[in-house]
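Let's take a walk through this protein together, from its overall layout down to single residues. Keep the sequence and the model side by side as you read.

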Amino acid sequence: MAGALGSIVGLGGGVIIIPILTILLGVDIHFAIGASIVSVIATSSGAAATYVKDKMTNLRIGMFLELATTAGAIIGAAIAAYTNAFLLELIFGGILLVSLVPLIRQIGEDIPTNPELVGLAKRLSLQGSYTEVDGSTINYNATRPERGLVGMFAAGLISGLLGIGSGTFKVLSMDLAMKLPMKVSTTTSNFMIGVTAAASAGIYFARGDVNPFIVAPVAIGILIGAFIGTRFLLRARNPTVRKIFAIVLAISAVEMIIRALGV
């Protein structure tokens, strides 16, 4: 389920994997986080090949935004030891809940009104197109890339501070700030979280937090789920993907707040 949902809504699946491993199976939290990091790479790898081949993922936009995400992650990791993680989880959980409001307002929107390509977006040619399953070609332009960069920096900062993939913030930045089609936002986020996770995975390997007896079955399940999820997304409409994302976003926000409150 984590692999299927992750490949559909652009998340790493840690919100599902970590509670299952720690609460249901009694796995140590450090090994659970190590398995979650590997699962992010597995989800991204399993889905990216299909999405890139079908031009659903926008590599140019992804690599442009990855600059801000990486900078935020480095700063977040550097200051993580000096911050209160519980307070941060409470704040960011609240931000996710508030973000549901604009998301729900456009819950039925299929393709955003195509904005004119201007300014930085025009200079960097932040545009693209993909083909829906019915054969129609969807052309789109990115707008307000500066806001997207700010959102991605925040996503990277949260990822470095809390040790999560923060795919929800990435998708929100592309969907709400840059007005990209929902399917482009989730598939590009899927590509980005794999790049970010691969960069940090070495630290978890060096600390011995990656247990092959835990990671192997998790990775196999994730890859099977990602295979199923990619087939679903290619045939789904944008409103369907947005509704699934809204549900996962609400669960992620509540889970983050509950964990912060220690309930």
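What percentage of the 263 residues of the protein count as buried? The answer is 51%, where buried means under 20% relative accessible area, exposed means over 50%, and partly exposed lies in between, using a 1.4 Å probe and protein chains only. Before going further, please note that this is a predicted model, in which local features need pLDDT of at least 70 and side-chain atom pairs count only at pLDDT 80 or more, while totals for chains, interfaces and linings use all residues. Residues are numbered from 1 along each chain as its sequence is written, and side-chain values use heavy atoms, with hydrogens and water left out.

The protein has 11 helices and 2 strands. These are DSSP runs numbered from the N terminus, with helices being H or I runs of at least four residues and strands being E runs of at least two. Reading from the N terminus, the order is α-α-α-α-α-α-β-β-α-α-α-α-α. Among contacts (heavy atoms within 4.5 Å) between residues at least 6 apart in sequence, 81% join residues at least 24 apart.

Let's start on the inside. In soluble globular proteins, nonpolar side chains tend to be buried together. A nonpolar core here is a set of buried Ala, Val, Leu, Ile, Met, Phe, Trp, Tyr and Cys residues joined through side-chain atoms within 4.5 Å. The largest such core has 42 residues, and I61, L65, M178 and L180 touch the most other members. Helix α11, residues 238-261, gives this core its largest share, 6 residues. Apart from it lies another core of 16 residues, including A42, Y204, I214 and V218.

Leaving aside its neighbours within four places in sequence, L180 is in contact with I61, P112, Y140, N141, A142, M174, D175 and S185.

How many of the 11 residues of α8 are buried? The count is 10, so α8 is largely enclosed by the rest of the structure. After α8 comes K179, whose phi is positive, near 55°. K179 sits in the loop between α8 and α9 (182-206), and at 29% relative accessibility it counts as partly exposed.

A pocket is found on a 1 Å grid over the protein atoms alone, as an open set of points where a 1.4 Å probe fits, with protein on both sides within 12 Å along at least five of seven lines; its lining residues have an atom within 4 Å of a point. The second largest pocket has a volume of about 180 Å³, the volume being the space filled by probe spheres set on the points, which are joined across faces, edges and corners. Helices α5 (85-105), α7 (145-162) and α8 (167-177) each supply at least two residues of its lining, and α8 gives the largest share, 5 residues. Among the lining residues are I95, S99, R147, F169 and L172. By class, the lining has 7 nonpolar, 3 polar and 1 charged residues; Ala, Val, Leu, Ile, Met, Phe, Trp, Tyr, Cys and Pro count as nonpolar, Asp, Glu, Lys and Arg as charged, and the others, Gly among them, as polar.

Now turn to the strands. β1 (residues 127-131) and β2 (residues 137-141) run antiparallel and are joined by 5 bridges; strands pair if DSSP finds at least two bridges between them. Across the pair, S129 stands opposite N139 in β2, and T131 stands opposite T137. The hairpin has 5 residues between the strands, and G135 takes a positive phi near 95° there. In the loop between α6 (119-123) and β1 you will find S125, a residue other than glycine with a positive phi, near 55°. At 28% relative accessibility, S125 counts as partly exposed.

Finally, return to helix α11, where T240 is found. T240 is partly exposed, with a relative accessible area of 34%. T240 and I107 lie 133 residues apart along the chain, yet their C-alpha atoms are separated by 8.6 Å.
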